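Work through the following exercises with the sequence and the structure side by side, and try each task before reading its solution.

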Amino acid sequence: MTEGPVLGIVDGITDAGACLFADDRLLAAVNEERLTRVKLEGGFPARSVAEVLRIGGVAPRDVARIAIGGIATPSLPTRLFRGLQRRLSGTAGIIFDRPRSPLHILSDLVRYRVRVTTNRGTDSRLGRLEGRLARRVLAREAGLDAPVELVEHHRAHAACAFFASPFERALVLTADSLGDGLSLTVSRGEGRDLTRLFAADAFASFGTFYALVTRFLGFRPYHEEGKVLALSAEGDAARIPVPFPLRLEGERVVYDGEWGLRAWPWLERLRGHDRKDIAAWLQRGTEEGIAGIAARFVERTGEKDLCVAGGLFANVRLNLRLLETPGVDRLFVFPHMGDGGLAVGAALAHLAPEGFRLPPPFLGPGFSDAECAEALGDLPFTRPHDAAAEAARLLSEGAVVARFDGRMEFGPRALGNRSVLAEARDPSARTMLNRCLDRTEFMPFAPVILAEAAEGRVRDLARARECARHMTMAFRTRPALLAEAPGAVHVDGTARCQVATREEHRGLHTLLTAYAAITGRSTLINTSFNRHGEPIVCTPRDAVRTFRESGIDALLLGPFLAVVTRVANRHAAAGIAR
């Protein structure tokens, strides 16, 4: 039993957020982007703090402890001057842009900041100074006056990976770009203990190198790595003659390349190659490197269950490779694997609860029927007797249906409460959905499958059941899924599946059951309810605005259904046979 409510916070460069625990239960978790509508919003999470306290019914004065994910990430100057956060973000281009002499100085400053963080990130004096500053900001911005504990960045990642997993003991792997001077750690978890076994510093970072090549290929680093992953399935890594620059050598990770602006001459050796092949080379090197580290410590420790967290594990194909690593029995990926999950990690590191069970991921705000009706405004809508059955009928006729119901999901995946659903039986449905949502055509869409039918459609479900619960791994598919839902299977024969259960996804499960009764098919495409470049919708107003601006055919908003008639024309334009 805890001493009282514990508030978790992450106030980093990107994806700031907050969570609330009481009696060792996770009551609420929200990220700032959903409330401000700015993708991956960083800085102090004032709105998220207020929202989780509101959801949990806890007054600021009643918070007993505040746990912050990160000691020196963001750095002290960044916490003092919040306007620096966006300027120092990797997406701002300071560490990735082509050489221009004034930026060389800024690049060197970034390198120096990382080096200082590497050497001083866990220094007790620095921690005390950061803690005093954080407590002052919390009092000013949120009216909070409680003891503050700063949890080292990768310890927070490891804590959410292990304590939220279903395993009593496991090997724990964290990997991202950098945090408190580190880019990767390996720990052993048992009971309430986490013991670190290995660490790689920020200058040997698989995450940063993936972001660097993402920028080289013309995408936004720390935003569009998923596009590189999608491209990699269509390329051939063997066509790139350049040795991969990261490897495990003895007891350390070695990087043979360059960082910052000086990386661009090194990257020129990739120039002229097809970007699909470059993406495949990058993905293969990352998978081999991370899986090789996992394999070494599985063998060394004898642990067969693996837990992972950190932004690199948003890469669902990498997670499949980890499951298939010799010696690994089961895999758990923390559902909010990136820095946005550090608030939960910091709180769990403080609590170190035994027997903690991660609740269903619907931890954000919910809205009343009256709020939904008000948001619909002048849109014509009905309140069907059986809304799920009516939505299933529309889907069976080829409509694209947005579903907004209950509390918002925590993490980067829409799991039914803020989702766009569509039939998956035609491969060209992908083109139609991309047009609806203004997205890139080569990006794959994920299937949601009825739990009762899932075993016959994907492989290794029992070994990665939690991954199917949260859509965090690419599964190898069985012929039945390809036959039933070719529009949701990627070109490499994998699919980032969600399995919908009656217990956890009641409304979505009901809709899928009704759809299966009509069509005999148990699978739909499930993609997030947002247009390209925007966060997943949070409020009914967000949902209605996105519905109006998109090509979605029907909106199921709580118990209400709004329908427009454009299905036939849109399918004809996309060349989809009905």
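**Exercise 1. Identify the ring over whose face arginine 418 lies.**

Solution. Arginine 418 lies over the face of phenylalanine 404, at 3.7 Å from the ring centre; a charge sits over a ring if NZ of Lys or CZ of Arg is within 6 Å of the ring centre and within 35 degrees of the ring normal. The model is a predicted one, in which local features need pLDDT of at least 70, side-chain atom pairs count only at pLDDT 80 or more, and totals for chains, interfaces and linings use all residues. Residues are numbered from 1 along each chain as its sequence is written, and side-chain values use heavy atoms, with hydrogens and water left out.

**Exercise 2. Classify the pair formed by phenylalanine 209 and tryptophan 281.**

Solution. Rings of Phe, Tyr and Trp (its six-membered ring) pair if their centres lie within 6.5 Å, and planes under 30 degrees apart count as stacked, over 60 as edge-to-face and the rest as tilted. The structure holds eleven aromatic pairs. In the pair of phenylalanine 209 and tryptophan 281, the centres are 6.1 Å apart and the planes stand at 70°, so the pair is edge-to-face. Ring pairs also link Phe209 and Trp281 with Phe244, Tyr255 and Trp266 into a cluster.

**Exercise 3. Decide whether phenylalanine 209 is buried or exposed.**

Solution. Buried means under 20% relative accessible area, exposed over 50%, and partly exposed in between (1.4 Å probe, protein chains only). Phenylalanine 209 has 0% relative accessibility and therefore counts as buried, and tryptophan 281, at 1%, counts as buried too.
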